[in-house]
Amino acid sequence: MNIAIIGAGSLGAVYAARLALSGQDVTCIDVDEEHVRAFNENGLRYEWQGNVTNIPMRATADPTAAPPADVALIAVNAYSTAEAAESARTVLHEDGYAVTLQNGLGNVEVLQAALGSQRVVGGICFVSGMLTGPGAVKQTGCDSTHIGELDKSHSARITELAEVLQAAELCPVIDDDIMNIVWG
């Protein structure tokens, strides 16, 4: 699966690392030029439970320079969701979709307004990390990643996404009413 991580800060970098280590094709899109440069020159320095791994990682500040993605994981602060939605619109295949991993309310609705309801999957995560420098992240916690279709269906794409997240040890939970979890 070709995955774009939009917002490669602490959360996005952890997801990028875990997904890349599990064999997914990952591209990070971030506005921090120094962070992007470090990814491209040195890879992503990923630390978890005392182990450090350097992962070759493609990154860009320009979504038009990223390869087309099947899925865009949105990991920006809520105030940057509109810009992230535009990046997702640029990078996604015609049948690709965006998944919000953000805390807070209103993110799903911003993505739906930009991409259309059918191209948005709800989500929220309980995974944490902290940036330790440009191109470097330390994972500080790993609980669950909740995902779900907004129409409460159990689609093939949700099943596939859950399998990808499981292979990356990101503990997926498919929720039939994801908005109830987000609002909770």
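Modeller: Gladly, and please keep in mind that this is a predicted model. Let us begin with helix 4, residues 107-115, in which Asn107, Val108, Leu111, Ala114 and Leu115 are buried.

Biologist: How do you know on which side of helix 4 they lie?

Modeller: Around the axis they cover an arc of only 130°, and therefore they are on the same side of helix 4. In general, an α-helix has 3.6 residues a turn, so residues three or four places apart point the same way.

Biologist: What do the buried residues of helix 4 pack against?

Modeller: Their partners are strand 6 (69-74), helix 3 (81-91), strand 7, strand 8 and helix 6 (178-183), where contact requires heavy atoms within 4.5 Å. After helix 4 comes Gly116, with a positive phi near 95°.

Biologist: How do you know that the span of helix 5 is close to what is expected?

Modeller: Helix 5, residues 156-167, has twelve residues, and from its first C-alpha to its last it reaches 17 Å, which is close to the 16 Å expected at 1.5 Å a residue.

Biologist: Why are the buried residues of helix 5 said to line one face?

Modeller: The buried residues are Arg157, Ile158, Leu161, Ala162, Val164 and Leu165. Seen down the axis of helix 5, they fall within an arc of 160°, so they line one face of the helix. The face turned away from that buried side carries Ala156 and Glu163, which are exposed.

Biologist: Which residues have the most contacts inside the largest nonpolar core?

Modeller: That core has 37 residues, and those with the most contacts inside it are Ile5, Tyr15, Leu19, Cys28, Leu73 and Val99. Helix 1 gives the most to this core, with seven residues. Apart from it lies another core, of 23 residues, including Ala4, Ile74, Leu115 and Met179.

Conventions:
Residues numbered from 1 in each chain as written. Predicted model: local features only at pLDDT ≥ 70, side-chain atom pairs only at ≥ 80, totals over all residues. Heavy atoms only, no water. Helix = DSSP H or I, 4+ residues; strand = E, 2+ residues; numbered from the N terminus. Expected span 1.5 Å × (residues − 1). Buried < 20%, exposed > 50% of the residue type's maximum accessible area, 1.4 Å probe, protein only. Arc of directions from axis to C-beta. Core = buried A, V, L, I, M, F, W, Y, C linked by side-chain atoms within 4.5 Å.
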